[in-house]
Amino acid sequence: HNIHFILQRCKTSCSSFHRKGPKLWRSEQLLLTEIETEWLRQFFIQGEGHKKRLWEWWGKPLRHLFEFWEKLENRTKSICNLLEAASRGKCSEDMANKKRKKTIAKEKKAVTIIDDILSRKENNGSARSEIFYPIAELLEDRAMMREKWLQRERDSVFGRVPVDYTPIPFPVAFIDGSNNSNFIAESPMEGSPINLKRIAKNLRIFGECFENRNVANLPKEPSFKQNAKELPHKMGRSWVGWQNKTFGLELQSPWARLLLDGKKTIETRSYDIPSEKLLGRKIDVLESMTGTCGKSSIGNLVESLQEVNSVVKRIGWFKVSHVIKYESKVQFEDDERKHLVPKKSAYAWKEGTTIYGWVVSTCGYYNDKNRDSQQISRLFRRYRSIFEIGVEEVKKPSQKRNAKESNRKKKKRRF
């Protein structure tokens, strides 16, 4: 198998995330383990010298592979959350508690999904044997794989080779801190072998509780840590993600449209642009409603298309050519016609502070076609008001019909 084959497999797998079922979930977990152990870890264990010689060619496909790895890790977290919610919903006797209204609705939906999966003809077993246990087993396999890789990276043989050919820490971030600060991809899961085994153990318990409706055996606390506060939200200038991720800047109304209309040619901030890698690159404009000056209205992590649409609109883009450092009130007020910050504004010059002016070189609005074809499905705060953007392709009804027709013809040709 070559890199193009594995990338195509990843693309096909990730395009089926809208579907649910044990067979599909198992194939995704096997693929995730395969790309991590057979491709990504194999490259980085060979050291910096190896990377310097080959990254020019391998960099692009490996970054794509890391993107798919990240998507599959997020998918794993979604599956785990679904199974936990279904188990808790099946066991719950307190379905009228108003304080748990949202949680109860989520648990009811999860139970419906699992019951629907079990009602299909191809699933003859129980939820425990068909769904919960197989997923737990695959997580245990991955924990064992990571354990072996850690042992391999500590092998005494690396003490006898040049430093440039000793293992590079695997460049990913997990929420339990088992990560490399210069990570290329991140996971909302706990990554250490011990924590993965604990998650797998809890999945087995959830499977038993789903079958027996035994509330007493349910873990009292949620089994999977939430990542909204635990992953880095203030990345340094050396972070490799600045050069290959898509970012947006939150701007409150009316500043967002003043910038895109060309009236505001300097965007003022209390901080410098976090990386030179962002200069000359498109940064999306995330327009939020007018609120408290200097206070973001977006959470550190927004994980669904519906939630994103409720807090911001991606209305356009801009590029920053360079940054001006304002060091005096006179210097700042001389540029008022460019940054449009009046003297009495909450954003005006204050003694003892430094203001940075991000000089806009070019900008533009997104038209409906651009905005509708790629919708934001995830926002992750990376530095102050700068968010990493995750998008998903949205197919038009005509495209979906064409895809179905194409698949139908392919099936006909097989027989």
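Reader: Which way does H1 pass H3, left-handed or right-handed?
Author: H1 passes H3 in a left-handed crossing. Left-handed means the near helix is turned anticlockwise from the far one by less than a right angle; clockwise would be right-handed. Helices here are DSSP runs (H or I, at least four residues), strands likewise (E, at least two), numbered from the N terminus.

Reader: What kind of model is this, and how are residues numbered?
Author: It is a predicted model: local features need pLDDT of at least 70, side-chain atom pairs count only at pLDDT 80 or more, and totals for chains, interfaces and linings use all residues. Residues are numbered from 1 along each chain as its sequence is written, and side-chain values use heavy atoms, with hydrogens and water left out.

Reader: Back to the helices. At what angle do H1 and H3 cross?
Author: Roughly 25 degrees, with the axes of H1 (residues 3-14) and H3 (residues 48-91) coming within 10 Å. That makes H1 roughly parallel to H3. Angles under 35 degrees count as roughly parallel, over 145 as roughly antiparallel, 65 to 115 as roughly perpendicular and the rest as oblique. The axes are lines fitted to C-alpha atoms, for helices over the stretch in contact, and angles run from 0 to 180 degrees between N-to-C directions.

Reader: Which residues make the contact?
Author: On H1, they include Ile 3, Ile 6, Leu 7 and Cys 10. On H3, Trp 57, Trp 58, Pro 61 and Phe 68 are among them. Contact means heavy atoms within 4.5 Å. The residues of this contact divide into 11 nonpolar, 2 polar and 2 charged.

Reader: How many aromatic pairs are there?
Author: The count comes to 15. Rings of Phe, Tyr and Trp (its six-membered ring) pair if their centres lie within 6.5 Å; planes under 30 degrees apart count as stacked, over 60 as edge-to-face and the rest as tilted. Trp 57 and Trp 58 form an edge-to-face pair, 5.0 Å centre to centre with 75 degrees between the planes.

Reader: Why is the pair of Trp 242 and Phe 247 tilted?
Author: Their planes are at 40 degrees, so the pair is tilted; the ring centres are 4.9 Å apart.

Reader: Are those two buried or exposed?
Author: Both Trp 242 and Phe 247 are buried. Buried means under 20% relative accessible area, exposed over 50%, partly exposed in between (1.4 Å probe, protein chains only). Trp 58, at 25%, counts as partly exposed.

Reader: Which residues form the aromatic cluster?
Author: Phe 43, Phe 44, Trp 55, Phe 66, Trp 69, Phe 170 and Phe 174 form one cluster.

Reader: New topic. Where is the cis peptide bond?
Author: It joins Ser 253 and Pro 254, with omega about 10 degrees. Pro 254 lies in the loop between strand S3 (247-252) and helix H7 (255-260). Most peptide bonds are trans.

Reader: What about phi of Arg 213 and Arg 384?
Author: Phi is positive in each: near 55 degrees for Arg 213 and near 50 degrees for Arg 384. Arg 213 sits in the loop between helix H6 (193-212) and S3. At 52% relative accessibility, it counts as exposed. Arg 384 lies in the loop between strands S9 (374-383) and S10 (386-393), and is partly exposed at 37%.

Reader: And Ser 288, buried or exposed?
Author: Buried, with a relative accessible area of 1%. Ser 288 is in strand S5 (residues 283-288). Not counting residues up to four places away in sequence, Ser 288 touches residues including Glu 250, Ser 253 and Val 311.

Technical notes. Nonpolar A, V, L, I, M, F, W, Y, C, P; charged D, E, K, R; others polar.
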